[in-house]
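This report looks at the surroundings of a ligand and at the packing of a pair of helices. Please keep the sequence and the structure in view while reading.

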Amino acid sequence: METLRVENVNKSFGALEAVKDLSLAVPPGTVYGFLGPNGAGKTTTIRMIMEIILPDSGQILVNGRRNTSSDALDRVGYLPEERGVYRKMKVREALEFFAELKGMRRRTHGPKIDAWMERFEMTSVRDKKLEELSKGNQQKIQFLTTVIHEPDLIILDEPFMGLDPLNADLVKEVILEQKARGAAIVFSTHLMESAEKLCDAICLINKGQKVLDGEVRSVKRNFGRNHVALGYEGKPDFLVELKNHGLVERYNDSGNHVEIHLRNAASPQKLLAAAMQNVEVLRFEVVEPSLHEIFIATVKEN
Ligand code: ATP
């Protein structure tokens with residue numbers, strides 16, 4: 001049975017159809033990326049899963065039960081997009097409060113909270129108010145409140161926002177541990193690189209509608225192997241010409257690295273020859289498209 005099932009869900013705000021006939025399923029032990037451009041309807045969907053707002057039609061099941069049952073929601077951990085709630089609470093108090101709110105007993109949560117605080121290097125600030133902590137540290141605590149009770153479903157709205165690389169790695173490590181424990185993790189992000197590395201499956205929505213979903217591996221495979229990663233030194237002006245001549249469909253240049261999408265049936269050899277004439281080639285590899293490229297191409301098409 002899937003941990004989360006969203007079935008034909010619709011939600012409008014006045015005339016705006018924020019979510020249209022959305023269905024998705026997340027099995028246990030899966031990291032599921034919920035992706036889409038600004039305003040696509042991700043947070044609205046997450047709020048419906050959390051029963052903060054109700055769908056106009058369709059249903060949402062957690063562990064096979066309607067999410068309207070409080071038992072179902074006790075098995076969920078949620079990191080909302082807005083941070084900084086419970087600002088006046090002290091660090092340890094906040095963790096205790098959430099553990100107890102989600103049904104943990106004092107005897108069991110005490111040692112667990114201590115272990116988490118040590119691992120997240122928060123022991124020295126245990127008696128500080130949340131509002132006195134740096135934004136990143138507030139977020140670490142808020143993240144801990146979502147996993148402390150070892151829920152079956154963990155929903156993380158932009159979990160890496162504002163975290164330095166060390167803390168982002170720590171959060172990533174915990175996400176993978178939760179997955180290994182059998183939890184289903186749904187996370188929304190605009191960082192395609194973290195989605196690419198972490199997700200087993202993704203759902204891409206645009207204007208409230210699902211436009212792409214599936215296992216990351218098959219999403220990439222279906223997008224074709226007509227992508228080239230080119231590392232270079234020099235000026236890649238020749239790409240404009242290749243685009244005009246129909247060899248290159250589009251490209252995404254980052255200054256010394258460019259991801260190139262060739263036209264169907266175009267030969268990478270021709271591209272390599274042109275590149276060698278115009279820039280110093282440091283890397284040339286036929287690759288699967290990145291999620292970044294897939295995101296941009298799919299959203300533009302829809
Ligand atoms: P972002 O990546 O920018 O956070 P999102 O995918 O999470 O975007 P939502 O916040 O779900 O997008 O918004 C979807 C659409 O619904 C937007 O057009 C937004 O303005 C609208 N919307 C969201 N909540 C409300 C509300 N309470 N009342 C009216 N419109 C809303």
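Predicted model: local features only at pLDDT ≥ 70, side-chain atom pairs only at ≥ 80, totals over all residues.

Glu81 places a polar side-chain atom 2.9 Å from an oxygen atom of the ligand, and for Asn38 the separation between an N or O atom of the side chain and a ligand oxygen is 3.0 Å. Taken on its own, the ligand has 640 Å² of accessible area, of which the protein covers 62%.

## The shell around the ligand

The ligand is surrounded by 13 residues, and the closest of these are Gly39, Lys42, Thr43, Thr44 and His190. Sorted by class, the shell holds six polar, five nonpolar and two charged residues.

Which elements give two or more residues to the shell around the ligand? They are β2, spanning residues 16-26, and α1, spanning residues 42-49; the largest share, three residues, comes from α1.

## Packing of α5 against α6

Helix α5, residues 135-147, packs with helix α6, residues 165-180, at an angle of about 5 degrees, and their axes are 12 Å apart. Because angles under 35 degrees count as roughly parallel, α5 and α6 are described as roughly parallel to each other.

On the α5 side, the contact is made by Lys140, Phe143 and Val147, while α6 contributes Asn167, Val171, Val174, Ile175 and Gln178. By class, this contact of α5 with α6 comprises five nonpolar residues, two polar residues and one charged residue.

Key
Residues numbered from 1 in each chain as written. Heavy atoms only, no water. Near = heavy atom within 4 Å. Polar contact = N/O pair within 3.5 Å; in protein donor to acceptor, adjacent residues only side chain to side chain. Areas by Shrake-Rupley, 256 points an atom, 1.4 Å probe, with all protein chains shown as cover. Helix = DSSP H or I, 4+ residues; strand = E, 2+ residues; numbered from the N terminus. Nonpolar A, V, L, I, M, F, W, Y, C, P; charged D, E, K, R; others polar. Axes fitted to C-alpha atoms, helices over the stretch in contact; angles between N-to-C directions. Parallel < 35°, antiparallel > 145°, perpendicular 65-115°, else oblique. Contact = heavy atoms within 4.5 Å.
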